Amino acid sequence: MAGSAGRALLTVGAAALGAAAAYAAARTLPERSRQPWARTNHAGRPVTLLEGPAHAAGLATGAVLAGPPTMVAAVAAASLGALDDLVGNTTSKGLKGHLRAAAQGQVTTGLLKIVGLGVTGAVTVALADRRARSTRWAGSAPDSAADTAAYSTGVTSTLVGGAAVAGMANLLNLFDLRPGRALKVGMLVAAPMVLRPTPGRIGAAAAVGASLGVLRPDLTGEAMLGDTGANALGAVLGLALVERRPTRTRLALLTVVAALTLASEKVSFTKVIESTPVLREIDGWGRASR
């Protein structure tokens, strides 16, 4: 257990340094290279989406210790998010908007991303399940004998887990509407896995570290994750949550993620957060006034 804890701590540090260094380097790029990532935030102030690639770089750094499935989740989801950030349009928004556009014969970058995230989820979980069958990684064992008995790497379990990973990648993007919010959600989900020897401990540690590495510019309103960073963070978190988990656990996560995603089509997460004192305090912690 001590070795697992040390590996998790090392992953947090490596991912944080990787993300911070990547963001610092991105800010020195020529103006013509930074311009495509420039946006205006909810308050009408200029921000950069370069935080997203930097966060993904931090995740990839942590994935060196977490393993190939985490690396694939981070890189593939970030690439799909970058496609939407750089060449996507805003005429179709949300799951319903992209599906409506598809019904009218329009293939949006958002729809391509949804399909791509589905494939990414299935591939990463398949890789994780294959690894689980072939080797026992330190700190990655199921929590109990019951989990060991229930754990399955069948096609159905893999597909359910893959759908949960894709859903988490999309869900995190829905929180990237205020400074620091998506990063806080990600760290709140990941922290319990890092603090105890859970199956996805090292992947969760990569998520925490990468988020810490870019937290300051996000909280100050200088930068935001964009689809690139939010999709990568969500995919890595989703994989950590389903890794070496039984089908019932994967199905439970998929149900929660699907419910929240559908709710977002009807209810504003921002309004819910701002009307709930505890959530409002957490959401506003460390945030600059801009």
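These legends accompany several close-up views of a predicted model.

**View 1. The whole protein, for orientation.** Of its 290 residues, 49% count as buried. The protein exposes about 12800 Å², and carbon and sulfur atoms supply 66% of that area. Among contacts between residues at least 6 apart in sequence, 81% join residues at least 24 apart.

**View 2. Helix H4 from end to end.** Here is a handy check on geometry: helix H4 covers residues 68-87, and at 1.5 Å a residue its 20 residues should span 28 Å. The C-alpha atoms at its ends are 28 Å apart, so the model agrees with that expectation.

**View 3. The buried residues of helix H4 and their cover.** Look along H4 for its buried residues, including Pro 69, Ala 73, Ala 77, Leu 80 and Gly 81. What covers the buried residues of H4 includes strand S1 (38-40) and helices H3 (51-66), H6 (109-134), H10 (201-213) and H12 (226-242).

**View 4. An aromatic pair.** A search of the whole structure finds one aromatic pair. Its partners are Phe 175 and Phe 269, stacked with 5.0 Å centre to centre and 20 degrees between the planes. Phe 175 sits in the loop between helix H8 (155-173) and helix H9 (181-195), while Phe 269 belongs to helix H14 (residues 269-274), so the pair links parts of the chain 94 residues apart.

Notes:
Residues numbered from 1 in each chain as written. Predicted model: local features only at pLDDT ≥ 70, side-chain atom pairs only at ≥ 80, totals over all residues. Heavy atoms only, no water. Helix = DSSP H or I, 4+ residues; strand = E, 2+ residues; numbered from the N terminus. Expected span 1.5 Å × (residues − 1). Buried < 20%, exposed > 50% of the residue type's maximum accessible area, 1.4 Å probe, protein only. Contact = heavy atoms within 4.5 Å. Areas by Shrake-Rupley, 256 points an atom, 1.4 Å probe, with all protein chains shown as cover. Phe/Tyr/Trp six-rings, centres within 6.5 Å; stacked < 30°, edge-to-face > 60°.
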